[in-house]
Amino acid sequence: MAPKINGVGIMPEDTRICVVMVGLPARGKSYIAQRAQRYLKWLSIPAATFNVGNYRRENAPHPSADFFDTNNAEGERKRRAAAEAAVSDMLKWFKSGGVVGILDATNSTKERRRWVLERVASKGIEVLFVESRCDDENLIMANIRDVKTTSPDYVGQDPEKAALDFRERIRNYEKVYKSINDDGDEDHLTYLKIMNVGKKVFINRIQDYLQSRVVYFLMNLHIRPRSVWLSRHGESMLNLEGRIGGDAPLSHRGEEYALKLPELVRESVGSDRPLTVWTSTLKRTIATARHLPKHYNQLQWKALDELDAGVCDGMTYQEIADQYPEDFQARDEDKYNYRYRGGESYRDVVIRLEPIIMELERSEDILIISHQAVIRCIYAYFMQKTQEESPWVPVPLHTLIKLTPRAYGTEMQTYRANIKAVSTWRGKGSTAKHEDPAPEGGI
Ligand code: ATP
Ligand code: F6P
């Protein structure tokens with residue numbers, strides 16, 4: 001089998017994995033599924049989630065708890081039909097080139113797991129079960145209040161009543177729920193079991209590279225409240241000249257931003273919250289971080305260095321267009337994939353940022369001071385920007401961005417320093433030194 005090199009390394013050409021979520025309701029299955037999908041898509045691995053709840057809502061939009069009682073024949077029939085429809089759509093999707101399909105449902109009985117395994121494995125697709133177990137009553141109630149009372153199942157209903165009904169729904173599931181391999185007869189399954197949001201994990205029969213990447217990523221997820229702050233370095237001397245790359249010092253206004261940053265951080269982070277600061281290894285990010293409080297841990301990462309422009313390093317866009325006209329055009333046509341001669345593409349940057357994302361998932365509050373292209377790639381991860389959009393996102397200088405992961409999505413706030421800086425954004429086809437970005441779609 002010919003190996004291919006892709007976002008996460010080398011894997012056999014036809015590796016396809018079905019991730020089958022397992023667990024009682026309100027255990028974070030959809031949350032985990034959505035995080036895995038975002039991570040894989042960011043790495044250019046075709047991934048999609050098939051949520052059986054969405055299929056079930058087509059024929060039972062507002063079910064009450066007794067719909068989920070296994071003695072309810074009508075409920076059983078509709079739930080089974082929803083699972084069939086989701087699996088059948090997922091198999092079609094695999095046929096059309098899907099690589100990681102996530103079946104988001106409770107799959108809480110051995111019979112249901114056996115059925116999924118048979119349907120999927122018979123098509124040559126690997127099956128990885130991912131179970132989330134949680135017996136922390138407070139967390140479960142918080143999950144119900146935070147995400148379940150606002151679910152489309154309870155639209156227009158009193159949240160208190162909805163929460164009680166959902167609790168009852170869980171009781172119906174509990175009557176038949178079997179955790180994977182609890183009876184010792186599911187040892188042949190490949191699975192990851194996450195107990196109480198990662199306090200303990202069990203892994204069984206993980207087979208190949210892609211499975212282990214997914215498992216490692218999921219083991220690093222946590223749900224403690226936190227934010228990630230992003231800032232570009234202060235304006236540099238090369239920014240003033242409209243030259244890309246290099247390792248220039250800050251301009252006078254860039255120095256002003258470095259002096260102002262502690263105040264912006266205090267305003268956004270608060271003064272008593274511990275913060276870790278990551279910079280690149282280039283002078284301009286290190287200088288931008290140097291007035292931040294000394295008690296913040298600071299770490300320099302080579303992986304946070306700006307996209308390497310190779311032979312074009314230090315040039316203006318006009319010089320590139322004059323000396324390498326074909327390259328200039330090729331970059332505009334496919335900016336994500338275009339690799340500078342002797343340098344990097346946005347795709348290359350994403351691949352080298354993968355350990356940063358992994359570390360970010362494990363961490364609490366982090367401030368990253370880096371560069372335009374790198375921040376675009378990190379921003380794309382959190383805000384789920386496509387490869388067409390992400391290399392063009394305007395990321396202004398002298399602006400602090402706060403990203404706060406929520407149950408489904410990321411919240412963004414920006415803090416402007418009100419210190420003038422040139423714009424380094426460039427529109428398609430343009431060779432201008434400093435051009436105002438298009439108003440929409442930026443930060
Ligand atoms: P359902 O079966 O009703 O679809 P679910 O298991 O998919 O429920 P989610 O909708 O994903 O549950 O619940 C989201 C909530 O779960 C979020 O508030 C999130 O913080 C929390 N959460 C995320 N991961 C976990 C985990 N491993 N254990 C418990 N709760 C988690
Ligand atoms: O101009 C500032 C800068 O950080 C350059 O060093 C880098 O090459 C460029 O931005 C990346 O932006 P783009 O990909 O839009 O050229």
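The following questions and answers set computed values from a predicted model against the definitions used for them.

Q: Why is Ser-363 called buried?
A: Ser-363 has a relative accessible area of 12%. Buried means under 20%, so Ser-363 counts as buried. Ser-363 sits in the loop between α13 (346-362) and β12 (366-370). Leaving aside neighbours within four places in sequence, Ser-363 is in contact with His-222, Arg-226 and Trp-278.

Q: What makes Ile-203 exposed?
A: The cut-off for exposed is over 50% relative accessible area. Ile-203 has 51%, and is therefore exposed. Ile-203 belongs to strand β8 (residues 200-204). Together with Val-201 and Met-219, Ile-203 makes a nonpolar surface patch of about 230 Å².

Q: Which residues does UniProt list for "binding site", and why are they said to gather at one spot?
A: The unreviewed UniProt entry lists Arg-232, His-233, Gly-234, Glu-235, Ser-236, Met-237, Leu-238, Asn-239 and Arg-284. They span 53 residues in sequence, but no two of their C-alpha atoms are more than 14.1 Å apart, so they gather at one spot. From this set, Arg-232, His-233, Ser-236, Leu-238, Asn-239 and Arg-284 take part in the lining of the largest cavity.

Q: How do you know that Gly-234 and Leu-238 are buried?
A: Gly-234 has 0% relative accessibility and Leu-238 has 16%. Buried means under 20%, so Gly-234 is buried, and so is Leu-238. Gly-234 is in the loop between β9 (228-232) and α8 (237-241), while Leu-238 is in helix α8. Not counting residues up to four places away in sequence, the contacts of Gly-234 include Tyr-257 and His-398.

Q: What makes the side chains of Glu-76 and Arg-79 a salt bridge?
A: The N to O distance between Glu-76 and Arg-79 is 3.3 Å. A salt bridge needs a side-chain nitrogen of Lys or Arg within 4 Å of a carboxyl oxygen of Asp or Glu, so the pair qualifies. Both residues lie in helix α3 (residues 73-95), 3 residues apart, about one turn of the helix. Arg-79 is buried at 16%, whereas Glu-76 is partly exposed at 33%.

Q: Why is the pair of Glu-186 and Arg-113 called a salt bridge?
A: The N to O distance is 3.0 Å, and the cut-off is within 4 Å, so the pair counts as a salt bridge. The pair links distant parts of the chain, 73 residues apart. Glu-186 is in the loop between α6 (159-174) and β7 (191-195), and Arg-113 is in helix α4 (residues 110-121).

Note on methods. Residues numbered from 1 in each chain as written. Chains lettered and ligands numbered in written order. Predicted model: local features only at pLDDT ≥ 70, side-chain atom pairs only at ≥ 80, totals over all residues. Heavy atoms only, no water. Helix = DSSP H or I, 4+ residues; strand = E, 2+ residues; numbered from the N terminus. Buried < 20%, exposed > 50% of the residue type's maximum accessible area, 1.4 Å probe, protein only. Contact = heavy atoms within 4.5 Å. Patch = residues over 30% accessible without salt bridge, like charges linked within 9 Å, V, L, I, M, F, W, Y side chains within 5 Å. Areas by Shrake-Rupley, 256 points an atom, 1.4 Å probe, with all protein chains shown as cover. UniProt positions renumbered as here; feature names shortened; annotations may be inferred. 1 Å grid on protein atoms, 1.4 Å probe; cavity = no way out; pocket = protein on both sides within 12 Å on 5 of 7 lines; lining within 4 Å.
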